[in-house]
Amino acid sequence: MRIKPKIWLTRHIQVGLSALGRLSRTPLSTLMTTTVIGITLALPTGLYLLLTNLQHLAGSWERTTTISLFLQMNTADQQTGQLARRLRQRDGIDRVEVISRNAAMQEFRRLSGFSEALEALGDNPLPPVLVIQPGLRFDDPDHAEKLLEEMRTLPEVDIARLDMQWVKRFHAITEIARRGVLVIASLLGMAVLLVIGNTIRLEIQNRRAEIEVTRLVGATNAFIRRPFLYSGLWYGLLGGAIAWLLVSVAFWLLQNPVERLAALYHSQFGLTTMDASLILTLLGGSALLGLFGSWLSVSRHLSGSEPD
Amino acid sequence: MIQFENVGKRYPGGHEGVRNLSFHIEPGEMVFLTGHSGAGKSTLLKLVLLLERCTRGQVRVNGRNLARLRPRQIPYHRRDVGMVFQNHRLLSDRTVFDNVALSLVVRGLGRQEIGRRVRAALDKVGLLELERSYPLTLSGGEQQRVGIARAVVSRPPVVLADEPTGNLDPELSREVMALFEQFNQVGVTLLIATHDLDLISRMGRRILTLQNGNLDRDSAALVRDAD
């Protein structure tokens, strides 16, 4: 006998709501369980968000990455200017700054404190320099490298240098951290499965009589499983909401100190908080964990009571 | 309607619930099952409801060979067999209405249909005005009638009862039996396990007597022999 779709849907809504109602009848234990889940989920979520912020910070440093082109000693000022104009029109280059031989010399004098020694040299030993700022390409992390290779082939260029080593190292470190967060998230996800599985196991024990009677009047396994699956779903979802709350509060507390620190470094850096997609991922993921955890428990603890 | 052929049930550990049972209950019969405690009455009812599977022989209910049913088909078999328990097995956190409705809810019936049928069943057992009460506020006789309403509300062709009058005084016991007779009159096949020999001997129905897991006496056979 097939059940009509409308009745089926009503039935699901009823069972879902009554599962929620049952949780609300024992508010203290529900709060404790969901808070445990919330804290467990808040940890990886918070770490992930921290990592995202570090990467944004690195991104803002990357913007200041420059390529220095030390031109041939005999390059005339006019040639230097032409090259600079050509490069400015090229795709993938944001800005080109020209430092003529004289300007370089003056700057060196001013900053190095070797002005007297330089007087003794007589001739200007410094080549003209072009400082290029590569355009930022998120889709191509090696963009600056490729640009560097290309610059090396220009006939006017003697030496081209890109100081990006530390940015790469930083990327490598954040990559390791990302893996670490993934590992922690998996472990804590398993912990959530166990917490929910155990909670559902206790619920099954408490409702033994009801389950047996329901079975006796001809309930299918799906019918008996359904309220427990909804319980698990709610536990997961509420736990996810608590995790959201915890992470939001933690980052709200960090916001002011971080902005003060950024101001000390004359940086515009602002803390990234949870956006809609992260919130949806957290809530959806926690609901799925809840459903799966209770499914594991239900299939383990409800199957034993039937003759086969 | 209920057919046992050389049925035996041996539990793990060697205890034998029933040893070698053969009998046949026709559609529309009302049959009592009696015998000492441990004679195998409960095991027999469990075999019919498929709470246990027999280890020997064959049980057929409503034309179905129960040995052939897969686990996923068992619920549908149970919907054809209403069950009344000695201790009622009502859910104390639900109203009388909801307890009776359970049999229909598991079938996926709509709300209106459920309301109509539950009220009809409660009316039949005389408890319509108590539909909003909780089982623990009712007397033993009333609780048993709620249990009966739950067993018959889905109009199953077969109803089993395990000591339905076990906790009731003679007056209430007679009322409950009268109720079963009413259901029998509309064609329900009944198999009632009971100790209450006094009561059933006056009802003139077929009686199966079990002893040590065997059929000791079948009153229908005696009648046939007398003929």
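## Strands 9, 10 and 3 of chain B

Strand 9 (residues 206–211) of chain B and strand 10 (residues 214–218) of chain B are joined in the antiparallel sense by four bridges. Strands are DSSP runs of E with at least two residues, helices are runs of H or I with at least four, and both are numbered from the N terminus; two strands count as paired if DSSP finds at least two bridges between them. Within this pair, B:Gln211 has B:Asn214 of strand 10 as its bridge partner. The two strands form a hairpin with two residues between them, and B:Asn212 in the turn has a positive phi of about 50 degrees.

Strand 9 of chain B also pairs with strand 3 (residues 30–35) of chain B, here in parallel and through five bridges. B:Thr34 is placed opposite B:Thr209 of strand 9.

## Basis of the model

The model is predicted: local features need pLDDT of at least 70, side-chain atom pairs count only at pLDDT 80 or more, and totals for chains, interfaces and linings use all residues. Residues are numbered from 1 along each chain as its sequence is written, while chains are lettered from A and ligands numbered from 1 in the order in which they are written.

## Strands 1, 2 and 4 of chain B

Strand 1 (residues 2–10) of chain B has antiparallel pairings with strand 4 (residues 56–61) of chain B, over five bridges, and with strand 2 (residues 16–25) of chain B, over six bridges. B:Ile2 faces B:Val61 in strand 4, and B:Arg10 stands opposite B:Glu16 in strand 2. Strands 1 and 2 of chain B form a hairpin with five residues between the strands, where B:Gly13 takes a positive phi near 110 degrees.

## A helix pair in chain B

The axes of helix 3 (residues 96–105) and helix 4 (residues 111–124) of chain B come within 9 Å and cross at roughly 125 degrees. Axes are lines fitted to C-alpha atoms, for helices over the stretch in contact, and angles run from 0 to 180 degrees between N-to-C directions.

Helix 3 of chain B contributes B:Phe97, B:Val100, B:Ala101, B:Leu104 and B:Val105 to the contact, and helix 4 of chain B contributes B:Ile114, B:Arg117, B:Val118, B:Ala121 and B:Leu122. Residues are in contact if their C-beta atoms, placed from the backbone, lie within 7 Å. By class, the contact has nine nonpolar, no polar and one charged residues (Ala, Val, Leu, Ile, Met, Phe, Trp, Tyr, Cys and Pro are nonpolar; Asp, Glu, Lys and Arg are charged; the others, Gly among them, are polar).

## Where the chains touch

In the interface, 19 residues of chain B are in contact with 16 residues of chain A. On the side of chain B, helix 2 (74–78) and helix 3 are the elements that give two or more residues; helix 2 of chain B provides the largest share, four residues. The residues on this side divide into ten nonpolar, three polar and six charged.

## The sheet of chain A

Four strands of chain A form an open sheet in the order 2-3-1-4, with antiparallel pairing. Strand 2 (93–99) and strand 4 (157–162) are the edge strands, each pairing on one side only. Strand 2 of chain A is joined to strand 3 (residues 129–134) of chain A by six bridges, and A:Val98 stands opposite A:Leu130.

Technical notes
Two residues are in contact if their C-beta atoms, placed from the backbone, lie within 7 Å.
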